[in-house]
Amino acid sequence: MAVIGLAACGTPSSNAKDVGGSSSNTIAGAQQKATDESAKGPAKDIAGAKKGGTMTVYAESTPSTFDPTNIYYTDGNQIAKLAFRTLTQFDIRDGKPVLVPDLAEDLGKVSADKLTWTFKLKKGIKYQDGTPVKAADFAYAIKRSFAHDVFDAGPTYQLSYFKDADTYKGPYASGQDYKGVETPDDSTLVIHLKTPFPDLPYYGTFPMFTPIPQAKDTKQSYEQHPMTTGPYMWQSYNPGAELKLVKNPNWDPNTDPVRHQYVDAWDFKWGGDAIKSQQQVLASQGPDAAAVEYDNIDASVVPQLTGDKKAQLIQGASPCTIVEQMDTRKIPLEVRKAIAVAYNWDEMNKVAGNTSLTTEPASSILPPAVPGYTKFTVPGLTGTGQGDPAKAKQMLQAAGKLGFQLSWYYSNDSQTSSQLTQARTKFLEAAGFTVKPIGVPKAQIRKYTGNYSGAANMLWSPRGWCSDWPSGSSWFPVLFKSQSVKDQNSIGMLQDPALDKKIDDVSALPLDQQAAKWGELDKYILETYLPALPFYYDKMAIVVGNKVGGAVGDPTQGLPIFTQMFVKS
């Protein structure tokens with residue numbers, strides 16, 4: 001899942017994030033998959049929880065969409081849990097994610113040939129207007145996800161695994177006759193695959209699997225008035241600036257094993273300067289006492305965490321890696337190697353406001369939290385050091401590429417993004433590159449970085465990635481196969497049939513044999529193709545007001561769990 005990324009530079013979570021067995025185990029410190037099919041609502045009460053009040057939430061980076069089909073960034077996904085229930089969901093228990101049924105009664109039953117999954121759905125579920133949720137609404141939502149020309153930012157596993165995915169183009173272009181989904185009755189959903197997809201129950205946690213009534217679908221305008229099934233519903237939405245949520249009177253807590261409705265209203269505000277917002281929240285004056293700032297804390301704010309304010313820092317795990325990606329279609333390998341040598345990581349970390357609270361230098365694609373992570377070093381890829389511009393210039397001269405132009409999009413109305421661009425420009429120019437940054441408004445940055453036909457040749461989205469579930473199968477097939485470019489989820493724009501086969505070969509292995517092979521593939525991709533420079537493994541470290549209760553991290557997203565927060569009296 002595409003992750004939020006560097007300040008307002010734009011990325012997905014991704015994102016972000018996630019999980020058979022019935023217990024939480026550990027592999028080299030990484031969370032294994034865990035499930036609990038018996039989980040029922042209501043969710044266990046949070047200690048000390050109070051009802052009432054309005055929670056204000058700030059962030060500098062702006063979610064690009066709240067259409068459930070199109071959400072694939074960690075921030076949009078986490079916020080969406082307040083309003084959109086899905087087939088399955090994660091219950092965070094003692095800091096570990098456990099997969100549980102949400103709108104489904106179970107975690108799905110798979111046929112002997114592994115190509116058909118059947119989900120029994122909970123009865124009596126209603127939308128915010130009191131109308132009933134039907135299996136046909138889930139089927140329509142799935143059909144809608146194939147309209148990738150309309151919803152081009154959403155997840156794409158269905159395009160790889162679901163039946164007839166190569167010919168069906170969604171309900172607008174191909175109509176309603178899609179053989180990949182069936183609804184034998186109002187409470188049964190059947191999904192047909194073209195190839196086994198054992199992780200389908202984990203994929204069911206995505207907003208893409210929230211029900212959408214066909215009669216209510218208004219295509220790109222749907223995000224303005226979506227049909228919600230969670231504890232909150234839309235009051236108003238101003239894209240790029242603000243989302244206000246109020247209580248959904250038809251949410252039934254007795255059917256929901258993970259969510260609460262403690263707060264009366266939510267007010268999400270985006271686009272302000274992160275450092276200023278963090279200082280506001282720490283000061284906790286007026287409404288800011290019940291506020292959250294979910295950008296990772298800037299280094300300049302850390303010294304203020306003294307006395308009682310220490311309790312306002314909320315830390316947590318994150319299954320994410322941030323990278324500086326390079327377009328292999330436009331930048332030759334010998335030039336990419338020179339870029340790696342030139343990078344001044346110490347300066348980049350300083351300007352980004354990174355601290356040991358929020359980051360760990362990266363040397364791989366997979367982060368330590370994902371099974372298969374292997375600690376290795378490819379020369380020049382350590383996420384630390386000041387770089388060697390003189391050596392990089394020699395490499396460019398030897399390749400006949402001195403003056404090679406590098407270009408990327410940045411947020412020209414974000415101080416941090418602008419400063420990162422200045423730092424990057426300085427050391428790349430010192431290494432003999434010509435540099436052409438392209439400034440755009442931060443509210444539109446994801447639009448530009450997600451358009452792979454744009455003018456840039458590096459720093460496309462995703463700028464980082466978080467496990468959709470804890471396995472390399474939610475990384476490499478999504479990010480590095482040839483189809484990833486068309487799906488607009490590529491790191492490096494690689495299109496090599498030989499690499500596609502390597503990825504498919506690992507995906508075909510039994511699950512207990514995959515982890516080590518993903519680690520080997522990680523090293524092979526960086527050594528052979530160098531599609532990106534690993535920057536850092538993300539950690540969650542955010543500040544909350546002194547009247548915010550229930551604030552803990554979600555390790556599947558690297559963000560706070562909004563659904564269990566409350567305002568202290």
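The following dialogue reads selected features of a predicted model.

Visitor: Which mean pLDDT does the chain have, and where is the pLDDT below 50?

Guide: As this is a predicted model, confidence comes first. The chain has a mean pLDDT of 92, and 95% of its residues reach 70 or more. Over residues 5-31, however, the pLDDT is below 50.

Visitor: Let us turn to sheets. What is the order of the strands in the open sheet of four strands?

Guide: In general, strands of a sheet pair through backbone hydrogen bonds, in either a parallel or an antiparallel sense. In this structure the open sheet has the order β8-β9-β11-β10, and its pairing is antiparallel. The edges are formed by β8 (109-110) and β10 (181-185), each of which pairs on one side only.

Visitor: How many bridges join β10 to β11, and which residue stands opposite E182?

Guide: Three bridges join β10 to β11 (residues 188-192), and the two strands run antiparallel. The residue of β11 opposite E182 is V190.

Visitor: Which helix lies across β10 and β11?

Guide: Helix α2, residues 135-144, lies across both strands. Its direction is at about 175 degrees to that of β10.

Visitor: Where does G240 lie in relation to β12 and β13, and how many bridges do these strands share?

Guide: Strands β12 and β13 (residues 242-247) pair in the antiparallel sense over six bridges. One of the facing pairs is M233 with V246, the latter in β13. The two strands form a hairpin with three residues between them, and in this hairpin G240 takes a positive phi near 85 degrees.

Visitor: Which residue has a positive phi although it is not a glycine?

Guide: That residue is K219, whose phi is about 55 degrees. K219 is found in the loop between α5 (200-203) and β12 (232-238).

Visitor: How is α7 oriented relative to α9, parallel or antiparallel?

Guide: The axes of α7 (residues 333-342) and α9 (residues 389-399) come within 8 Å and cross at roughly 170 degrees. This makes α7 roughly antiparallel to α9. Helix α7 contributes E334, V335, K337, A338, V341 and A342 to the contact, while α9 contributes K391, A392, M395, L396 and A399. The contact comprises eight nonpolar and three charged residues, with no polar ones.

Visitor: What is the form of the peptide bonds from G41 to P42 and from S461 to P462, cis or trans?

Guide: The bond from G41 to P42 is cis, with omega near 0 degrees, and P42 lies in the loop between β4 (30-31) and β5 (54-59). The bond from S461 to P462 is also cis, with omega near 0 degrees. P462 is placed in the loop between α11 (445-449) and β21 (464-466).

Notes. Residues are numbered from 1 along each chain as its sequence is written. This is a predicted model: local features need pLDDT of at least 70, side-chain atom pairs count only at pLDDT 80 or more; totals for chains, interfaces and linings use all residues. Side-chain values use heavy atoms; hydrogens and water are left out. Two strands pair if DSSP finds at least two bridges between them. Contact means heavy atoms within 4.5 Å. Axes are lines fitted to C-alpha atoms, for helices over the stretch in contact, and angles run from 0 to 180 degrees between N-to-C directions. pLDDT is the predictor's confidence in each residue, from 0 to 100. Angles under 35 degrees count as roughly parallel, over 145 as roughly antiparallel, 65 to 115 as roughly perpendicular and the rest as oblique. Ala, Val, Leu, Ile, Met, Phe, Trp, Tyr, Cys and Pro count as nonpolar, Asp, Glu, Lys and Arg as charged, and the others, Gly among them, as polar.
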